[in-house]
Amino acid sequence: MSFDIIIAGLGAVGSAAAYQLAGRGLRVLGLDRYHPPHILGSSHGGSRVIRETAFEHPRYVPLARLAYENWRRLERDSSEALLHVTGVLFVGSRESPLVAGTVASAREHGIPHDLLETGDIAHRYPALQRLDDAVGVFEPGGGWLDPERCVAASLRLAAERGVSLRFEEPLERWESDGDGVVVTTARDRYRVRRLLLAAGPWMPELLGGAGVSLSVERQVQHWFTAATADAARLPIFIRQVPEGVFYALPPVGDEIKVAVHHSGAATTPATVDRTVSAGEIERARALLERYAPALGGEHRRAAVCLYTNSLDGHFVIDRHPAHPAVVVASACSGFGFKFASAVGEFLADLLQERPPGIDLTPFRIGR
């Protein structure tokens, strides 16, 4: 069978693009080197924060709003609960990028939020310690997504609507061929009109001189049990402290997920150390003991995931500058999962030569 479009990588963004392209009258093939959802890339861990505010830059708010709409559409189509609105609390000094950026994006785009002074935080959330001059922003519309179920639902619906999916079939190389692309995998060779590269941490080896520098970062997620009853009163929170930015998500069962944002060493998917050391566990515990001791109960487990980062920390969504039949989607830079349902829609439009519903100039390769 011949195809019009190949999607290389079926994680968060690739699965969303497959779901968006399904039913558009195109012959679409999705490829993945493993069988998503899996634990070897970036789209796992049981929960990912979703928020309308964007401390990274206010430009992400329109993407977030579309993402909320599309996640809800995916829920309706799949009859699965994927997006859970619980509220998200941001804590840090008034001038910290986390708090100042959240407030700026909320005010610019009219996002409902509550400003909390230090005393307010101490009264409402006694589990948070050493507040010093910390203030807070509570976003009632924030919450969490189930990444594995989101990917699985997108792929199931895509397949039901005619997208061909081939797992355990990695893309080995690609090359331009006239106005199309020839794709070679471990099993076959295909010629298609368009290729979408959405392979997460495998992107650096697939880009082929696109003029964009990407790096892969090892991240560790931990799951602790609560140490005291105060833990039950905490919402999802993201906190900026001198040691960095760390976050905690509400319990799934009796386990609370805790991780430090951008704390990892450079790596590659082939060489990453997936063993979590005792020292790494103790560093996570030390953060909790200092700033949120109610969360520092038994350490149950840990998992490694991979961030793919651009030099400026922002997304890359563009056509390959030397090969316009190739569309590039990468560099979620550690905060991209929540946007995947929106980015998938933009990518489907780009692959069909349709103008996307948002200005993608800030995400161009040559920015």
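Me: Let's start with a word: buried means under 20% relative accessible area, exposed means over 50%, and partly exposed is in between (1.4 Å probe, protein chains only). Which residues of α8 are buried?

Reply: First, the ground rules: this is a predicted model, where local features need pLDDT of at least 70 and side-chain atom pairs count only at pLDDT 80 or more, while totals for chains, interfaces and linings use all residues. Residues are numbered from 1 along each chain as its sequence is written, and side-chain values use heavy atoms, with hydrogens and water left out. Helices (H or I, at least four residues) and strands (E, at least two) are DSSP runs, numbered from the N terminus. In α8, the buried residues are A340, S341, A342, V343, G344, F346, L347, A348, D349, L350 and L351.

Me: Why is α8 described as largely enclosed by the rest of the structure?

Reply: A count of its residues settles that one. α8 is largely enclosed because the buried ones number eleven of the twelve.

Me: What covers the buried residues of α8?

Reply: Covering is judged by contact, which means heavy atoms within 4.5 Å. Both helices and strands turn up around the buried residues of α8, including β1 (5–8), α1 (12–21), α2, β13 (194–197), β20 and β21 (326–330).

Me: How many Å does α8 reach from its first C-alpha to its last?

Reply: The expected span of a helix is 1.5 Å times one less than its number of residues. For the twelve residues of α8 that expectation is 16 Å, and the reach in the model is close to it, at 16 Å.

Me: How far apart are the end C-alpha atoms of helix α2?

Reply: Helix α2 covers residues 60–78, which is 19 residues. At 1.5 Å a residue it should span 27 Å, and the model agrees, with its ends apart by 26 Å.

Me: Where is S79 found?

Reply: S79 comes after α2 and has a positive phi, near 60 degrees, in a residue other than glycine. S79 counts as exposed, at 70% relative accessibility. Its place is the loop between α2 and β4 (83–85).

Me: What kind of peptide bond joins P36 and P37?

Reply: P37 lies in the loop between β2 (28–31) and β3 (48–50). Omega for the bond between P36 and P37 is about 0 degrees, and that makes the bond cis.

Me: How many salt bridges does the structure hold?

Reply: A salt bridge is a side-chain nitrogen of Lys or Arg within 4 Å of a carboxyl oxygen of Asp or Glu. The total for this structure is 24.

Me: Which residue does E175 meet in a salt bridge?

Reply: The N to O distance in this bridge is 4.0 Å, and the partner of E175 is R189. E175 is partly exposed at 44%, whereas 55% relative accessibility counts as exposed for R189.

Me: Is D318 buried or exposed?

Reply: D318 forms a salt bridge with R364, the closest N and O atoms being 3.9 Å apart. This pair too links distant parts of the chain, since D318 is in strand β20 (residues 316–319) and R364 is in the segment after α8 (340–351), 46 residues apart. R364 is partly exposed at 38%, but D318, at 15% relative accessibility, counts as buried.

Me: Which backbone nitrogen does the side chain of T267 reach?

Reply: T267 lies in strand β18 (residues 266–267) and counts as buried at 15% relative accessibility. Leaving aside neighbours within four places in sequence, its contacts are V216, E217, R218, V272 and L306. At 3.3 Å, its side chain reaches the backbone nitrogen of V272.

Notes
Polar contact = N/O pair within 3.5 Å; in protein donor to acceptor, adjacent residues only side chain to side chain.
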